[in-house]
Amino acid sequence: MHDKYSRLQAILSEMESVVVAFSGGVDSTFLLNAALRTLGSERVLAVTADSETYPTEELEEAIRLAASLGAAHRVIETSELNIPGYKENTGNRCYFCKKSLFEHLVPFVQSGAYKHIVYGLIADDMNEHRPGIQAAKERGVRGPLQEAGLFKEEIRDLSREHGLPTWNKPSFACLSSRIAYGETITIEKLGRVGEAERFIRSLGFSQVRVRSHGDIARIEVEPEAMERLIAHASGISDKLKALGFIYVSMDLSGYRSGSMNKVLDRGGAAI
């Protein structure tokens, strides 16, 4: 693990200066911290995209984290719903998102102030459905964590060693990942799942997903939290129905990152 971190530092040193696509999650925070430690704050810029798919509380946390690390930080405005091909929500939706994000970051490199764009790709991602990887390749954007062979659990362990508050932060993905492939993404649907998850987290659940399948809400929590979720069933059901869902269910398989991608494995959505 520590050898991999040394490899990461060598990769970053070779890059000389970087723009970090910074969401404030476990991976991008660790990458930003490593870049700052390796290159110094004058050669690192963190950039966060503020859009309708990114909850306000996540943006606020990203701003706080960048400041606590001493990073130069820019927040840019983007709108995934205005990207051609995105709101149709096909299996390669994430390609359009990442393509737009990287296009917004290119001018920072073209200005001559920084030499490379990097993002929080990790070794685990290479075995998952990640259309954004193609967008990164097309723009020459690099994933130093993946290049160093770092996996999520190693990143969490190293984050804890380095005193990063994100070491045990629950995994997060954009709100569009909650909406079933083939179902058009709208600002109303994004707001609905965002508010539903916010409510459930307020009850003491840290890792939660509310997956939207039309009028059905499919709630995912960690298996050990299922009993507590059932104890709150009445209140959760009332809240989610007030938000517009007709049926509210709990997924008996528990929380799984990228569970919406299962339909792609069966050829059930257009790609």
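Biologist: At 53% relative accessibility, does Ser206 count as buried or exposed?
Modeller: Buried means under 20% relative accessible area, exposed over 50% and partly exposed in between, computed with a 1.4 Å probe on protein chains only. Ser206 has a relative accessibility of 53%, so this residue counts as exposed.

Biologist: From what number do the residues along each chain start?
Modeller: This is a predicted model, in which local features need pLDDT of at least 70 and side-chain atom pairs count only at pLDDT 80 or more, while totals for chains, interfaces and linings use all residues. Side-chain values use heavy atoms, with hydrogens and water left out, and residues along each chain, as its sequence is written, are numbered from 1.

Biologist: Which residues is Ser206 in contact with, leaving aside its neighbours within four places in sequence?
Modeller: Ser206 sits in the loop between helix H8 (187-202) and strand S5 (208-213); helices (H or I, at least four residues) and strands (E, at least two) are DSSP runs, numbered from the N terminus. Leu39 is 167 residues from Ser206 in sequence and 34 Å from it in space, C-alpha to C-alpha. Contact means heavy atoms within 4.5 Å. With neighbours within four places in sequence left aside, the contacts of Ser206 are Pro170 and Arg201.

Biologist: What is the relative accessible area of Val20?
Modeller: Val20 belongs to strand S1. Beyond its neighbours within four places in sequence, Val20 is in contact with Ser28, Leu31, Leu32, Val44, Leu45, Ala46, Val47 and Val118. Val20 is buried, and its relative accessible area is 0%.

Biologist: How are H2 and H7 oriented to each other?
Modeller: Helix H2 (residues 26-39) and helix H7 (residues 152-161) pack at about 55°, and their axes are 10 Å apart. Axes are lines fitted to C-alpha atoms, for helices over the stretch in contact, with angles from 0 to 180 degrees between N-to-C directions. Angles under 35 degrees count as roughly parallel, over 145 as roughly antiparallel, 65 to 115 as roughly perpendicular and the rest as oblique. H2 and H7 are therefore oblique.

Biologist: In a crossing of which hand does H2 pass H7?
Modeller: H2 contributes Val26, Asp27 and Phe30 to the contact, and H7 contributes Lys152, Ile155, Arg156, Leu158 and Ser159. A crossing is left-handed if the near helix is turned anticlockwise from the far one by less than a right angle, and right-handed if clockwise. The crossing of H2 past H7 is left-handed.

Biologist: Which residues is His162 in contact with, leaving aside its neighbours within four places in sequence?
Modeller: His162 lies in the loop between H7 and H8. At 18% relative accessibility, His162 counts as buried. Its contacts, with neighbours within four places left aside, are Tyr5, Phe30, Asn33 and Arg37.

Biologist: How far apart are the axes of helices H4 and H5?
Modeller: H4 passes H5 in a right-handed crossing. Helix H4 (residues 93-110) and helix H5 (residues 132-139) pack at an angle of about 30°, which makes H4 roughly parallel to H5. The distance between their axes is 7 Å.

Biologist: What is the phi of Asn89?
Modeller: Asn89 lies in the loop between strand S3 (72-77) and H4. Its relative accessibility is 0%, so Asn89 counts as buried. Asn89 is not a glycine, although its phi is positive, at about 65°.
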